[in-house]
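Student: I have a new structure to read. Can you walk me through its features, one at a time?

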Amino acid sequence: MSQVDKIYGIHAVESVLTRKPENVIQLFLLKNRKDKALSTIEALAKKAGIKCQSIDRKKMDERAHGNHQGVIAEVKVSDANMSEGDLLQLAADKETLLLLILDGVTDPHNLGACIRTADAAGVDAIVLPKDRSAQLNATVRKVACGAAENVPLVKVTNLARFLKQLKEEFVWIVGTAGEAEGDLYSESFSAKTAIVMGAEGAGMRRLTREHCDQLIKIPMAGSVSSLNVSVATGVCLFEYVRQQATKNNK
């Protein structure tokens with residue numbers, strides 16, 4: 001279901017104007033600011049037939065709860081742009097598949113960073129539980145720098161059941177846990193893999209953990225016991241990417 005939301009920040013707004021300009025309802029620019037970044041956004045808006053409204057900093061600050069960087073777009077957005085059934089069909093059709101499953105990531109900044117990282121790693125889709133996840137608000141979209149409009153997102157009602165359905169399509173479910181015996185760099189990923197990241201502190205829920213085919217950990221050499229979830233996500237996703245590239249080059 002579509003709704004109207006705000007997207008702010010240079011990269012996030014430029015991305016939506018480039019990829020989905022038809023979703024932009026109106027655009028607000030900081031009055032009297034003239035630089036290359038805003039000129040690019042103005043040019044994209046003009047090309048798409050979108051009118052730009054110049055407003056002062058006080059009004060900009062009132063419209064955005066964060067660093068808007070002088071640009072705010074009101075856009076039509078959707079909380080999820082792929083259904084459970086469509087993702088299961090994709091899993092059945094593809095020989096190589098990479099999914100990111102976020103179990104309980106409730107901080108908008110972490111969710112946005114995970115989405116941005118997933119886009120960079122070429123993830124086929126991100127799976128989120130409906131009842132334990134940050135919402136795709138303006139903060140998430142700004143941190144994601146346009147990736148929220150590019151990576152397919154799927155919200156599932158019952159994550160444990162969905163993991164079981166993925167396994168029926170021969171997707172290997174890899175969970176991350178600090179106490180796991182398996183080491184990220186000593187294990188080999190399947191061509192069709194779903195990497196599950198749990199919430200910071202609490203980790204994965206019990207049922208989620210029970211539906212994983214394998215648990216792995218990131219080896220830690222320093223004094224800290226864990227990484228930020230978005231950093232850990234990047235480490236795991238790009239190890240999958242590295243392994244697949246190595247296999248393809250043999």
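Predicted model: local features only at pLDDT ≥ 70, side-chain atom pairs only at ≥ 80, totals over all residues.

Student: How many helices and strands are in the protein chain?

Tutor: Helices (H or I, at least four residues) and strands (E, at least two) are DSSP runs, numbered from the N terminus. Here the protein chain has 9 helices and 11 strands. Its radius of gyration is 20 Å, close to the 18 Å that the globule rule gives for 250 residues, so the chain is as compact as a globular protein of that length. The radius is taken over C-alpha atoms, and the rule is 2.2 Å times the number of residues to the power 0.38. Along the principal axes, the C-alpha atoms fill a box of roughly 60 × 45 × 40 Å.

Student: What share of the residues counts as buried?

Tutor: Buried means under 20% relative accessible area, exposed means over 50%, and partly exposed is in between (1.4 Å probe, protein chains only). By that rule, 46% of the 250 residues count as buried. The accessible surface of the chain comes to about 12,400 Å², and carbon and sulfur atoms hold 48% of it. Such areas come from the Shrake-Rupley method with a 1.4 Å probe; for residues, only the protein chains shown count as cover.

Student: How much of the contact count comes from residues 24 or more positions apart?

Tutor: Contact means heavy atoms within 4.5 Å. Take the contacts with a separation of 6 or more: residues 24 or more positions apart account for 81% of them.

Student: Now the sheet. In what order do its strands run?

Tutor: Two strands pair if DSSP finds at least two bridges between them. This open sheet of 7 strands has the order S7-S6-S5-S10-S8-S11-S9, with parallel pairing. Strand S7 (153-156) and strand S9 (182-183) are the edges, each pairing on one side only.

Student: Which strands does S8 pair with?

Tutor: Strand S8 covers residues 172-176 and pairs with S11 in the parallel sense over 3 bridges. Val174 has Gln214 in S11 as its bridge partner. S8 also joins strand S10 (residues 192-198) through 4 bridges, again parallel. There, Gly175 stands opposite Val196. S8 is mostly covered, with 4 of its 5 residues buried.

Student: What is a salt bridge, and how many does the structure hold?

Tutor: Side chains of opposite charge can pair when their charged atoms come close. The cut-off: a side-chain nitrogen of Lys or Arg within 4 Å of a carboxyl oxygen of Asp or Glu. The structure holds 10 salt bridges. One of them joins Arg209 and Glu179, at 2.7 Å from N to O. This pair links distant parts of the chain: Arg209 sits in helix H8 (residues 206-210), Glu179 in the loop between S8 and S9, 30 residues apart. Arg209 is partly exposed at 29% relative accessible area, while Glu179 counts as exposed at 55%.

Student: Which pair lies within helix H8?

Tutor: Glu210 and Arg206 do, and being 4 residues apart, they are separated by about one helical turn. Their closest N and O atoms are 2.9 Å apart.

Student: Last, the surface. Which residues form a nonpolar patch?

Tutor: Patches are made of residues with over 30% relative accessible area and no salt bridge: like charges are joined within 9 Å, nonpolar side chains (Val, Leu, Ile, Met, Phe, Trp, Tyr) within 5 Å. Met220, Val224, Leu227 and Val231 form one here, with about 310 Å² of accessible area together. Leu227 lies in the loop between strand S11 (214-217) and helix H9 (229-248). Leu227 counts as partly exposed, at 33% relative accessibility.

Student: What does Val235 touch?

Tutor: Val235 is in helix H9. Not counting residues up to four places away in sequence, Val235 touches Leu184, Tyr185, Ile218 and Leu227. The C-alpha atoms of Val235 and Ile218 are separated by 8.1 Å.

Key: Residues numbered from 1 in each chain as written. Heavy atoms only, no water.
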